[in-house]
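Hi there,

Here is the structure I promised to pass on to you. Please open it first, and then read my notes below.

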Amino acid sequence: MSEVVKPKIGAYKRHILICTGPRCAEDGAAQALFDSLGDKFKAAGLSEGELRVKRSRVSCFAACKGGPVMCVQPDGLWYYNVTPQNMDKIIEQHLVGGEAVEELVFHRGPGCA
Ligand code: FES
């Protein structure tokens, strides 16, 4: 019987989850957003170090409109209409600056102010 290998992930400050499911955004928009983040994070200093942001795709949050939609943890903030321009704003103001982009927030999770 083979031994189960314990997984490892690198340290990070925030984890963003982007829905790439078929119902909340135009075809391919959420995947394109996800694909753009490697370069954007590198340019903003978010790909390593203290502010490192981990990113993952999910198949559906049961929100299903107004996409691309994205959740930022551990802040518990949910953003909608994450166009490339809005992502730039979220990177600068929230992921680097620590302040939510209020006009794009559609939900706050438990424990959020
Ligand atoms: S398909 Fe994206 S939230 Fe449901």
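**What I found**

Gly-98 comes after helix α2 and has a positive phi, near 80°. Helices (H or I, at least four residues) and strands (E, at least two) are DSSP runs numbered from the N terminus.

Before going further, please note that this is a predicted model, in which local features need pLDDT of at least 70 and side-chain atom pairs need pLDDT 80 or more, while totals for chains, interfaces and linings take in all residues. Numbering runs from 1 along each chain as its sequence is written, and side-chain values rest on heavy atoms, without hydrogens or water.

**Overall layout**

The protein has 2 helices and 5 strands, arranged along the sequence as β-α-β-β-β-α-β. Its radius of gyration (over C-alpha atoms) is 15 Å, close to the 13 Å that the globule rule (2.2 Å times the number of residues to the power 0.38) gives for 113 residues, so the protein is as compact as a globular protein of that length. The C-alpha trace spans about 50 × 30 × 30 Å along its principal axes.

Of the 113 residues, 35% are buried (under 20% relative accessible area; exposed is over 50%, partly exposed is in between; 1.4 Å probe, protein chains only). The accessible surface (Shrake-Rupley, 1.4 Å probe) amounts to about 7100 Å², and carbon and sulfur atoms account for 51% of that surface. Looking at contacts (heavy atoms within 4.5 Å) between residues at least 6 apart in sequence, 64% join residues at least 24 apart.

An α-helix has 3.6 residues a turn, so residues three or four places apart point the same way.

His-94 sits in α2 and counts as buried because its relative accessibility is 2%. Apart from neighbours within four places in sequence, His-94 is in contact with Arg-14, Val-72, Asp-75, Leu-77, Tyr-79, Lys-89, Glu-99 and Ala-100.

Arg-14, in strand β1, is worth a look too. At 8% relative accessibility, Arg-14 is also buried, and a polar atom of its side chain lies 3.3 Å from the backbone oxygen of Leu-95. Not counting residues up to four places away in sequence, Arg-14 touches several others, among them Arg-52, Val-53, Gln-73, Pro-74, Asp-75, His-94, Leu-95 and Gly-98.

Where are the cis peptide bonds? One joins Gly-67 and Pro-68, with omega about -5°; another runs from Gln-73 to Pro-74, with omega near 10°. Pro-68 belongs to the loop between β2 and β3, and Pro-74 to the loop between β3 and β4.

The loop between β2 and β3 also holds Ala-62 and Cys-64. Ala-62 is not a glycine, yet its phi is positive at about 60°. Cys-64, likewise not a glycine, has a positive phi of about 60°. Ala-62 is exposed, with a relative accessible area of 69%, whereas Cys-64 is partly exposed at 28%.

**Cysteines**

How many disulfides does a search of the whole structure find? The count is 0, taking a disulfide as a pair of cysteine sulfur atoms within 2.5 Å. For Cys-19, the relative accessible area is 3%, so this residue is buried.

Best wishes

Technical notes. Polar contact = N/O pair within 3.5 Å; in protein donor to acceptor, adjacent residues only side chain to side chain.
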